[in-house]
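Please look at the sequence and the structure below before reading on.

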Amino acid sequence: MANVISYIIGLAIAFQLITAMLLLILGKNTPFVVLVNKLYEETPRDMYDKIMNAFYYAYFGLAVLLFQIAIERFGGIKGRFVFLLEGIGILVVLAILVNIPHMF
């Protein structure tokens, strides 16, 4: 059971990283971002919409949200650089968290 949960969490992290890299390379006005943003419902009406919102946040939402905040706050190139630094910071934290069990 723990392996299945670890697999799902790893898959979610991989999708977040892939989404972050695509956002960094292509920007926010691309067909990929438009497609991903269609998964999110502002006002979920039923259980399906709530599940899709959870799926959106688990697999794409964090990367899209951080990218939008960085671009709105810092502008074009500087915002992408800040987003890149955020991504590197997240990767460092993940590397530390993954190696904690091997330290002891």
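## Aromatic pairs

There are eight aromatic pairs in this predicted model. Rings of Phe, Tyr and Trp (its six-membered ring) count as a pair if their centres lie within 6.5 Å; planes under 30 degrees apart are called stacked, over 60 edge-to-face, and the rest tilted. One of the pairs is Phe15 with Phe60: the ring centres are 6.1 Å apart and the planes stand at 75°, so this pair is edge-to-face. Phe15 belongs to helix 1 (residues 2-26) and Phe60 to helix 3, so the pair links distant parts of the chain, 45 residues apart. Helices here are DSSP runs (H or I, at least four residues), numbered from the N terminus.

How exposed are these two rings' residues? Phe15 has 34% relative accessibility and counts as partly exposed, whereas Phe60 has 10% and counts as buried. Buried means under 20% relative accessible area, exposed over 50%, and partly exposed in between (1.4 Å probe, protein chains only).

Phe55 and Tyr59 form a tilted pair, 4.7 Å centre to centre with 35° between the planes. Both lie in helix 3, four residues apart, about one turn of the helix. An α-helix has 3.6 residues a turn, so residues three or four places apart point the same way. Phe55 is partly exposed at 34% relative accessibility, and Tyr59 is buried at 12%. Ring pairs join Phe15, Phe55, Tyr59 and Phe60 into a cluster.

## Helix 1 against helix 3

Two packed helices are described by the angle between their axes and the distance between the axes. The axes of helix 1 and helix 3 come within 8 Å and cross at roughly 35°. Such axes are lines fitted to C-alpha atoms, for helices over the stretch in contact, with angles from 0 to 180 degrees between N-to-C directions.

Contact means heavy atoms within 4.5 Å. Residues of helix 1 in this contact include Leu11, Phe15 and Leu23, and those of helix 3 include Tyr59, Phe60 and Phe67. By class, the contact has 15 nonpolar, three polar and no charged residues. Ala, Val, Leu, Ile, Met, Phe, Trp, Tyr, Cys and Pro count as nonpolar, Asp, Glu, Lys and Arg as charged, and the others, Gly among them, as polar.

## Buried residues of helix 3

The buried residues of helix 3 pack against helix 1, helix 2 (31-37) and helix 4 (76-103). Among them are Asp49 and Asn53. Asp49, in helix 3 (residues 47-74), is buried at 8% relative accessibility. Leaving out residues up to four places away in sequence, Asp49 touches Glu41 and Pro44. Asn53 is buried, with a relative accessible area of 9%.

## Bend and end

Where does helix 3 bend? The bend is at Phe60 and comes to about 70°; the value is the angle between axes fitted to the seven residues ending there and the seven starting there. Gly75 follows helix 3 and has a positive phi, near 90°.

## How the values were made

Residues are numbered from 1 along each chain as its sequence is written, and side-chain values use heavy atoms, with hydrogens and water left out. In this predicted model, local features need pLDDT of at least 70 and side-chain atom pairs count only at pLDDT 80 or more, while totals for chains, interfaces and linings use all residues.

Notes:
Helices (H or I, at least four residues) and strands (E, at least two) are DSSP runs, numbered from the N terminus.
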